[in-house]
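Let us walk through this structure one piece at a time. Keep the model open as you read.

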Amino acid sequence: MAFVTANWNPLGEAFYRKIELYEMGWNLREGLRDCLIAAAPYGGPIALLKESQRRERSASARPLLEIYSAAGVPMASFPWKSGVVVHISWTVSDDLLCIQEDGTVLIYDMFGNFRRHFSMGNEVLQNQVIEAKVFHSAYGTGVAIVTGAFRFTLATNIDDLKLRRLPEVPGLQVAPSCWAVLTQDRQTKVVLASGKDLYVLDNTACTPVTPPGIDPQVSSYFQMAASFSYKYLALFTDTGHVWMGTSNLKEKLSEFDTKVRSPPKQMVWCRRPKSQQPAVVLMWDRLLLVAGKCRESIKYHLDEESFLVPELDGVRIVSRSFHEFLHEVPGACEEIFKIASMAPGALLLEAHKEYEKESQKADEYLREIKEQNLLPEAVRQCVEAAGFEHEPETQKILLRASSFGKCFLSNFPPEQFVGMCLDLRVLNAVRDYSVGIPLTYAQYKQMTVQVLIDRLVFRRLYPLAIEICRYLKIPEFQGVSRVLKHWACFKVQQKEEPDDVIACAINQKLGDTASISYSEIAARAYECGRTELAIKLLEFEPRSGEQVPLLLKMKRSQLALSKAIESGDTDLVYTVVTYLKNEMNRGDFFMTLRNQPVALSLYRQFCKHQEQNTLKDLFNQDDDHQELGNFYVRASYGEGSVEARMAALQNAVDEFNKAKNEFSAKATEEQMKLLRWQRRFQEEFDKPYLDCSLHETVHSLLLDSKHKQAEQLYKDFRIPDKRFWWLKISALAEKEDWEELEKFSKSKKSPIGYLPFVEICVKHHNKYEAKKYVTKVTLEQKVKAHLAVGDLEQAVEAAIERRSESELNLVLSRCTPTTDRALLDKINSARAGALKK
C-alpha cells in the first residue's frame, strides 16, 4: 500500500506526515495576512480579527470579528465596537477571549453572543497591555499579560478571578524579546528573555537561569514555545539555533541549526504523547520546518499565509485554502505500512488482501504469523492503527484485516475491536465537513466522550449529540436527557415563536422524562424575559417544590401559594406564606389568606406560637368572636398584673356574648370571679394563689389550714360535696394532721364513703390510722378496705360473708408463697362452694 506512505517524511527514528483535514469553506480575499487569529485546541473553532483595522476608531471602519468552524464554515460575525484588541484566544469551554489594550477582557460564546467581561486591574489600565497570552491549567483557563511598565500580571482562572502581580525583573528597561507561561504541579510561572538573559518569575521571586548546553555566542532569544503539556520548552536564538529541553531548563534534549537567522513567525511543539522524539515546527513566510534530534529536518513549502495550532499529538496548519494536520506517524501505523515491514500487523494485512483475491498466499502469511504466536499482536496492531488513520477507507481495510485475524483466535477479547469500531464511527461523524471538529483518536480519548457531547451541545448540534449518546448507550441522565435539557433551554430563547408553540414543542420532545427538570428550563425562559412561557413550562413540572421558588421569583405569589397547597407540603406552604407576609401589605396579605383556607389554618397555627397579636388581627378581620374570646382567655394567663388579666377576661366575656356563647361567657365570668378571690387570698395571706385552678386553690387553702376560706369557695362556686371531701382529706393526710382528719370523718356522714379514708392513710404510710376507718366501711367495700391495710384473714371472712367469687379471686391474687396454707385452703373451699351455687 505505497499510497499510504507517499506523504511520509523521515526525521531521525520517526516519520512525519501532513494530511489534509478540510478544504476551507470560508471566502477570505486577503487570506490570513494582518489578522489576529485564534483556533481552539481539540479541533475547535477559529476566530479572525483584521489586525490592520482593529485600531480604527471610526464607526464606518469597524472591523468584523468572524468565527468559523475548523472547516471554515461561518458560525458568527459581528462588528467590533469596543477598544483596541491585543490578543484573542479560546477558553477550555470554547468561549472567545478578547484582551484589549486597557486590560479589559471580553468573553463571547462561539456564536458571538457577549457573556461577560472583567479587568486585569488598575495598574494594567494605567500602563496598557503590550502583549498577552492565554494558557490552560488544572484550574481552568488563565490569562497572562505584560504591561508598558514591563511588569507581568496573571489570572490563573478567569472563572474565579484572582489577579497576581509577579515580581519585577531587575534592570528590565525594554519589553521582553519573548516569553512563555508554564503551568506544572499547580504552579504557574513565566519564563522570559531579555537580551542574552533568561529569567523565571514565580509568586515570590525572579530567578535568572541558564539553559544547559546553550551556545555561548547567543546574544538574544527571538522565540519561545512551551509544549502542549508544558513539560518541554523550545528556544530560538539569534544564531538560528533551536534549543529543546525540559521546561525547568535543567535538561537539554537536542539542538538544531535552522540556517535561518530571521525570527520565525511561529514556533510550536509537535510531539506525540509517550513519544521519545522531540520535534519543533517553525514557520516563516513561505517555509515550514520540522526540527528534531538529528541533523536533518523536514521542509514544507507554503503557498499561502498560514497559522499553526499546537495540539496534543501534532500541529494543525490553517491557511486560506486548506486545513492540514502535521504529526508523527504512530508506531502501529509505521509497523504496518512501512515498506518491507515484517511486523505481525503488516503480514496480517497482506494475508487479508490475498484472501480477498482468493489467493493461497493468504494461508502462507497466516502460517508465518501463527508459527511465531504473534496473531493476537497482529490483530491488536491493526485495530490500533485504524484509530490513528484519518481516511475511512484505510480504517475499514485495517479493521477488516483485524476481523479476519480474529477468526483464527478462539479466546481473543472483543472489547478492543468493538470499542474501536464505536469510536471511529463517532470520530468520522464529528470530522464531517458540516460539523467541522477534526479530532484525532488521541485527542478524543484525552477529552472523553462527555466533553465531546458538551462541545456538540455548545455548537447546538443537538440531533448529532443525541444520536451519539444513543449509539454509545450513554446513561440517560448523562446523555440524551442532558442534551434535551440544553436544547429546551436554547429553544426558549427563540423569541420569534409564540409561547404556546414553544411550550408544546418542548413538552412533546421531553415528555415525562424523570431526569429532566422543567423548572430549570422555565428559569431560563424567565431569564430571557419570557415570564408567560416560564409559567406554561412550570405546568409540566410534576414536583411542586421545584415550581414554587421560581413562581415566587416571578412575583406570581397567588399561583405559588396554590401550587404549595396542592403539594400537601406544609413546609412549602409556610415558605410561601412567609414570603407573602414580607412582600404584601397587611390587608392584602390577610385577604389572600382568606381565599386559601388551608394556608390560613396553617398561618393561624404559626401565630398561636409566634405572633399572638397577628392572630388577634386575623380574628378581628373575620369577625370571629368565638375565637377572639378564646384568644383573650389564653392571653389572660400571660398578662403581668391582675388588673390586666381581669381586663383580658372581660374582653373575652364581651366577645363570647357577641358570639352568643353563654356557656363560654359564664365560664369566663367564673374565672374572673376566681381571680378576684385569689387576689384577695394573696393579699391577706401573702402567699401566691394566682395561676391556680379552682380545685388547686381550695387544696392550697386547706394545706395552709385556711378551712373557712376553703369552705367559702366550696359554697360560692358550688363545688360538689364529693369533690370537696376528696380535696379536704387529701390535704389533711398530706399535712399528716390525723387528728383533724378523724374529727372531719365524724363531723357528718361522708358522701364518698370511708374507703377513701382508708386508702389515703395507707398512701401516706399510716396503716394504724387507716384501721380506724375500716369498721366504718360498708359491707360492699369491706374486702378492699381489709386488703388495703393488709389484713387477708378479715378480707377472706368478708368475701365469704358476701359469697362473692370475684372478691375471693381478688383476695387470692394478693396471696404470696408465704401465705398460711390453711388460709389458702379456706379461700379455695369457699370458691368451690360459690361456684356450685
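Which residue of β21 is the bridge partner of leucine 235? It is tryptophan 243. Keep in mind that this is a predicted model.

Strand β21 covers residues 241-246. Three residues lie between them in the hairpin. Look there for glycine 240, which takes a positive phi near 85°.

Now go to the next strand. β21 also pairs with strand β22, residues 252-257. This pairing is again antiparallel and has five bridges. Here histidine 241 stands opposite aspartate 257 of β22. The hairpin of β21 and β22 has five residues between the strands. In this hairpin, leucine 249 has a positive phi near 60°.

Is β21 buried or exposed? Six of its six residues are buried, so the rest of the structure largely encloses this strand.

Next, the helices. Two packed helices are described by the angle between their axes and by the distance between the axes.

Start with helix α12 (residues 518-527) and helix α13 (residues 531-538). Their axes come within 8 Å and cross at roughly 175°. An angle over 145 degrees counts as roughly antiparallel. Therefore α12 and α13 are roughly antiparallel to each other. Which residues meet in this pair? From α12 come Tyr518, Ser519, Ile521, Ala522, Ala525 and Tyr526. From α13 come Thr531, Leu533, Ala534, Leu537 and Leu538. By class, nine residues of this contact are nonpolar and two are polar, with no charged residue.

Move on to helix α30 (residues 792-802) and helix α31 (residues 805-814). Their axes come within 9 Å, with a crossing of roughly 165°. That angle makes α30 roughly antiparallel to α31. The crossing is left-handed. On the α30 side, the contact is made by Leu792, Ala795, Val796, Ala799, Ile800 and Arg802. On the α31 side, Glu807, Leu808, Val811 and Arg814 take part. This contact has seven nonpolar and three charged residues, and no polar ones.

The contact of α12 with α13 has no charged residues, whereas the contact of α30 with α31 has three.

Notes. Residues are numbered from 1 along each chain as its sequence is written. This is a predicted model: local features need pLDDT of at least 70, side-chain atom pairs count only at pLDDT 80 or more; totals for chains, interfaces and linings use all residues. Side-chain values use heavy atoms; hydrogens and water are left out. Axes are lines fitted to C-alpha atoms, for helices over the stretch in contact, and angles run from 0 to 180 degrees between N-to-C directions. Helices (H or I, at least four residues) and strands (E, at least two) are DSSP runs, numbered from the N terminus. Angles under 35 degrees count as roughly parallel, over 145 as roughly antiparallel, 65 to 115 as roughly perpendicular and the rest as oblique. A crossing is left-handed if the near helix is turned anticlockwise from the far one by less than a right angle, and right-handed if clockwise. Contact means heavy atoms within 4.5 Å. Ala, Val, Leu, Ile, Met, Phe, Trp, Tyr, Cys and Pro count as nonpolar, Asp, Glu, Lys and Arg as charged, and the others, Gly among them, as polar. Buried means under 20% relative accessible area, exposed over 50%, partly exposed in between (1.4 Å probe, protein chains only). Two strands pair if DSSP finds at least two bridges between them.
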